[in-house]
Amino acid sequence: LPICTNGWGSMADKGKSYCLIENLVNFDREFGRHHLFLTLLYGYEYTNNRTKTIEGENFTNDLLSWYAISQAGKVIPQFDETDTSLISQMARLNYSYDSRYLLTATIRRDGYSGFGENSKWGLFPSVALGWNIANEPFFGSAKNVFNQLKLKVSYGSNGNQAISPFQSISKMTDNAYMNGTSLAVGYTPGSLGTPSLSWEKTVSRNVGLDFAMFKSRITGEVNLYYNESRDLLLKRSISPVNGITSIYQNIGRTDNRGAELSLTS
């Protein structure tokens, strides 16, 4: 608590609003040996957080406790509000021929209000191919052992907006100072804007094999993967000549690669 005379009191009122709208359109059709499934998505998400706070110091008495904050000798009101908007657009196509050859293609476009003025949108495509080897005529009697054997390969990207609101704009910070014998309101730089701040992106590559043996008594899969994350949202140290020691930027890169094997019986 602050050091003061004749008491100190505080009251806060917090509120949150959240809105989510998702519109989905599906189209499913089979014609001959062809199967087509199309999905379209448009989504909107809005979040608002607000806090109202009032502090008081130097009360004339303590009979009314914090209910008398408005009568305190020093009253400090504060109001904080943050809001974010996220818009998502997506189209996905699933196609199969004779349950042997499979294709999934997706294109996604996302926009986040917290990024720079000219870089709010990110485009994230992906494609996956599958081959059901066990459904091929040449597989023959091998089906007595493997009732499922599917080779798959995929490539795709996705995004991450892992920052809080207003990180891409310049901000000022309240900084009261003494003007003679009275307290005056002043401001100092709180953060520097980065108009080019944008999405983290992760590009994934995968090759795998799914299998089932002896009428699915034994199932499993083998996967080889390589994930590359680019433009990580991190703070970079800068010279304090402007009163700021760090800013958010899209810097850094990480790689993740390996093999996975799962077996169920």
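Trainee: Which residues does Ser 119 touch, not counting residues up to four places away in sequence?

Mentor: Contact means heavy atoms within 4.5 Å. By that criterion Ser 119 touches Pro 195, Ser 196, Leu 197, Ser 198 and Trp 199. This is a predicted model: local features need pLDDT of at least 70, side-chain atom pairs count only at pLDDT 80 or more, and totals for chains, interfaces and linings use all residues. Residues are numbered from 1 along each chain as its sequence is written, and side-chain values use heavy atoms, with hydrogens and water left out.

Trainee: Where does Ser 119 lie, and is Ser 119 buried or exposed?

Mentor: Strands (E, at least two residues) are DSSP runs, numbered from the N terminus. Ser 119 is in the loop between strand E4 (101-112) and strand E5 (121-132). Buried means under 20% relative accessible area, exposed over 50%, partly exposed in between (1.4 Å probe, protein chains only). Ser 119 has 13%, so it counts as buried. A polar atom of its side chain lies 3.4 Å from the backbone oxygen of Pro 195.

Trainee: Which residue other than glycine has a positive phi near 55°?

Mentor: Ser 99 has such a phi; Ser 99 sits in the loop between strand E3 (74-97) and E4. Its relative accessibility is 44%, so Ser 99 is partly exposed. Asp 231, also not a glycine, has a positive phi of about 55°. Asp 231 belongs to the loop between strand E12 (218-230) and strand E13 (233-237), and is partly exposed at 34% relative accessible area.

Key: Helix = DSSP H or I, 4+ residues; strand = E, 2+ residues; numbered from the N terminus. Polar contact = N/O pair within 3.5 Å; in protein donor to acceptor, adjacent residues only side chain to side chain.
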